[in-house]
Amino acid sequence: MQVPTLSFGELDTTWERYDLSQGPLLFNGNHTGYKAVLRKGQIVSIVRKGYALIPNEEAVKLADEAAELAGLVPFHEFSGEWIVKMHEHVIYDKNETRVHALYASNKHYDVNGEKMHIGVGIHNSIDGSMAFGCGIFTFRHACANMVFAGTRGYEQAFDQRKTVEYIYKRHTVGLAPITGGLKNTILAVMDKATSLIDIYNQMAQEKVTEEFIERLKKSRLSARVLPDYLTAKEPETFDISSLTQWQLYNDITEKIWHNAKAHLKTKEFQFATLHKLMPLQVTQ
């Protein structure tokens, strides 16, 4: 009886300068459709053969270049108000397989009398646990607790931050840093950042209709994330005719973010549902 054997095929050392390599997995000498990602000779992850390895260092390098072109600074160089100062704009997880690179604009914007800042988060992994992501977020005060902003998988939030635009691309052959495609993708998202201010200001001028409120109540949003003035059983003195889209949007997103009992996936679903009802787009 033949003893089953599991072995590596020829190693791909394209990224050896980062101590990374890849090797197809063979079972009894035959290709399995899987490969191993190795770092310093140790297996980091087993992934499908179509997985395109993007070193975290390469993702950060491209993000740094794109941020500079877009006029953004590394997050720790943000010159606005801080709660706790960050020492670096690049954050790795415990195993250093996932990375988050954060950037911000030093320019502030006025939205309905409030000072607002914009930022961009870039995200990547080398173990297949997280796709490449790039997301825009808004904030009033910067805080060191901000991680994983703007992509599937972010778990922490900072003061009144809301992620409103992101891309999420799996590590497939079509997504390769050497083509320069990632940089262009990052720039495309960053270019949308300032348009959010127009969207916010427009929302501050638009009144909410009774018809929209009814659609909101009948939507898949939990009543827990709707403001009290919409869900109270007893009639309220609140003048619904003065309610703007901006106020309602802020009231709902605040409840979503500060609901400690809701899991991340629940919050993502609630934001997606809200943005279907209140698309973040400028109307002509």
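1. Buried means under 20% relative accessible area, exposed means over 50%, and partly exposed lies in between (1.4 Å probe, protein chains only). By that rule Tyr34 is partly exposed, because its relative accessible area is 33%. Tyr34 sits in strand S3 (residues 30-39). Helices (H or I, at least four residues) and strands (E, at least two) are DSSP runs, numbered from the N terminus.

2. A word on the source. This is a predicted model, in which local features need pLDDT of at least 70, side-chain atom pairs count only at pLDDT 80 or more, and totals for chains, interfaces and linings use all residues. Residues are numbered from 1 along each chain as its sequence is written, and side-chain values use heavy atoms, with hydrogens and water left out.

3. Confidence next. pLDDT is the predictor's confidence in each residue, from 0 to 100. The chain has a mean pLDDT of 79, and 77% of its residues reach 70 or more. Over residues 144-161 the pLDDT is below 50. Beyond near neighbours in sequence, that stretch still has 66 contacts in the model. Contact means heavy atoms within 4.5 Å.

4. Look at Asn56 in helix H1 (residues 56-69). Is Asn56 buried or exposed? Asn56 counts as buried, because its relative accessibility is 2%.

5. Two loop residues deserve a check. Most residues other than glycine have a negative phi. Asn28 has a positive phi of about 55° and is not a glycine. Asn28 lies in the loop between strand S2 (20-27) and S3. Asn28 is partly exposed, with a relative accessible area of 30%. Asn112 also has a positive phi, near 55°. The loop of Asn112 runs between strand S8 (109-111) and strand S9 (114-125). At 48% relative accessibility, Asn112 is partly exposed.

6. Now helix H6 (residues 245-257). Among the buried residues of H6 are Trp246, Tyr249, Ile252 and Trp257.

7. Finally, Gln205 in helix H3 (residues 195-205). Gln205 is exposed, because its relative accessible area is 61%. Gln205 and Gln245 are 40 residues apart along the chain, yet their C-alpha atoms are separated by 7.7 Å.
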